[in-house]
Amino acid sequence: MNIEQFFKAASYALVTGGFLTLALTGRVDVVTCILYSLALIASWFADRPGLRLQISERVANWCVVGYAPFAYLDFRYLSSSWITALIHFVLFVSIFKLFQVKRDRDWVFLYLLAVFEMLLAAGLTIDALFLLLLTGFTLTGLAALQAFEVVRTGRNLRQPLRTVTLSYDGQQARQASRPVRYLLVMTLVMAALIGALSVPTFFLLPRWNTGLLSQTFSEDTAMTGFSDLSIALGSVGNIKSDERTAMRVRVEKPLPPYLHWRGMVMTQFDGREWTRPEANRRVAVRQQNGGYILGEQQQRGQVVVQTVYVEPMSTSALFHCGRPVAVSNLRGLAQDSTGTLYRAECGTRLSYTVLSHLDETPVEQLRQDPLKYDAQTRATFLQLPATFDARVTQLAREITANATNGYDRARAIEQHLRTRCAYTLELQRGNELDPIVDFLFETRRGHCEYFASAMALMCRSLGLAARLAGGYHLGEYNDINNTYIVRQADAHAWVEVYFPQTETWVEFDPTPG
């Protein structure tokens with residue numbers, strides 16, 4: 001392999017490495033992965049002088065400019081995410097640069113695109129495989145830069161000389177050494193940039209609330225998200241369009257995938273909005289020995305210790321999984337009658353630790369529950385809106401016709417919604433004025449709070465005490481530092497049904513996939 005071949009191989013390896021880091025994030029769809037891979041292979045064979053498959057720089061630039069309107073359409077109607085649309089745009093530009101008749105500056109532009117892809121991926125994933133790809137990317141980047149400088153210098157030396165100088169002085173020696181110094185400087189700069197920007201991004205994500213980084217990022221601007229008092233139909237869908245990180249949670253080992261980070265529960269529904277009047281009657285939890293004790297410490301299911309790093313949010317809800325029994329590292333904690341926890345600090349970056357028990361009540365025991373609720377439970381968790389449509393009750397009875405107990409009825413409703421209705425963030429209304437009736441009988445399409453609201457209402461119409469819970473999916477897990485990264489796009493709503501015999505709230509998630 002001569003130097004020209006090595007230069008080409010190293011350059012294409014660098015471009016491929018940038019693409020692979022993006023593909024690792026899961027933000028690149030299968031069709032885009034296939035098309036880009038085919039284009040990368042085709043450009044390798046097309047990258048030969050004189051081939052008709054190569055296009056001129058002018059044509060490539062016009063193609064990039066012509067793609068700009070489509071990038072907006074991609075964001076608005078296809079991807080519904082500016083990050084995904086940006087990824088598509090970067091890959092599109094990269095393809096046309098690969099097929100272009102390339103000069104030195106075009107190779108540099110491709111290198112910069114690859115670095116940008118890698119940095120973008122560093123902020124979108126905490127997968128352990130990223131570290132391996134980062135190492136390979138660094139090595140191929142240094143190899144490509146060295147080969148680029150050798151090829152560029154050799155090409156310049158082969159140009160005809162207009163003047164022949166017979167003397168050789170110190171100035172000429174300094175000029176001859178410039179390419180070597182340039183190569184060394186560029187290699188060091190490239191390695192420093194990759195290490196300084198990527199490694200901290202990868203390893204320090206769970207610790208942005210401490211030290212210098214906490215001073216660098218302003219805490220004055222809180223992210224919008226869940227409200228402390230209500231969840232309106234459509235509000236969670238708006239949160240899911242936000243790609244920013246909401247929090248990071250460190251645990252000892254991966255959690256069961258069906259769990260959620262629960263923040264609040266809603267009890268009252270007026271047909272369009274869930275509220276919780278209990279939030280106005282919260283009571284401060286007394287601190288004991290530097291922490292807060294919320295329940296008995298006896299073993300009841302798996303014990304999970306969660307260290308939560310929360311970004312600035314507009315809600316004061318305390319996010320956790322399972323049934324919390326102890327909280328520490330907080331300057332104030334309150335609780336309402338539904339068990340929802342509230343931290344005193346709101347709109348700031350902070351961390352806290354929660355000790356929870358994951359309920360493991362046997363299913364057979366839940367099936368045997370006679371569901372004898374007291375008056376307060378019936379008044380709170382069996383409430384239906386004044387305009388409740390009887391067709392919802394009839395549908396619930398049809399779905400649960402073969403179920404003989406409350407647990408199986410709830411599972412039947414959950415399964416019906418997961419298989420008979422479709423998930424979408426692009427809502428379309430039918431002819432019904434009631435949004436839940438419209439969802440169940442007309443469109444059969446919606447996002448999580450429509451699924452959860454429909455299930456909660458059907459359960460209540462059958463005498464099952466139910467409430468709507470709001471929070472987040474678990475997010476993406478990094479097995480190197482045992483941390484979940486949770487984004488606003490992971491926002492979710494689900495249902496909890498109460499079984500009084502065991503005093504257990506059981507999670508049901510009717511949203512597909």
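Reader: Is threonine 245 buried or exposed in this model?
Author: In this predicted model, threonine 245 belongs to strand S2, which covers residues 245-250. Its relative accessible area is 14%, and since the cut-off for a buried residue is under 20%, threonine 245 counts as buried.

Reader: Which residue does the side chain of threonine 245 join through a polar contact?
Author: The contact is made between two side chains and has a length of 3.5 Å. The partner of threonine 245 in this polar contact is arginine 487.

Reader: Within the pairing of S1 with S5, what is the bridge partner of isoleucine 231?
Author: S1 and strand S5, residues 273-275, run antiparallel to one another and pair over 3 bridges. In S5, the residue bridged to isoleucine 231 is tryptophan 274.

Reader: Which residue in the turn of the hairpin formed by S19 and S20 has a positive phi?
Author: Strand S19, residues 491-499, is joined to S20 by 5 bridges in the antiparallel sense, and phenylalanine 499 has threonine 504 of S20 as its bridge partner. The hairpin has 4 residues between its two strands, and the turn residue with a positive phi, of about 55°, is glutamate 503.

Reader: Which residues make up the uncovered face of S20?
Author: Strand S20 spans residues 504-508, and its covered face consists of Thr504, Val506 and Phe508. The uncovered face is made up of Trp505 and Glu507.

Technical notes: Residues are numbered from 1 along each chain as its sequence is written. This is a predicted model: local features need pLDDT of at least 70, side-chain atom pairs count only at pLDDT 80 or more; totals for chains, interfaces and linings use all residues. Side-chain values use heavy atoms; hydrogens and water are left out. Buried means under 20% relative accessible area, exposed over 50%, partly exposed in between (1.4 Å probe, protein chains only). A polar contact is a pair of N or O atoms within 3.5 Å; within protein, one must be able to donate a hydrogen and the other to accept it, and residues adjacent in sequence count only if both atoms are side-chain atoms. Two strands pair if DSSP finds at least two bridges between them.
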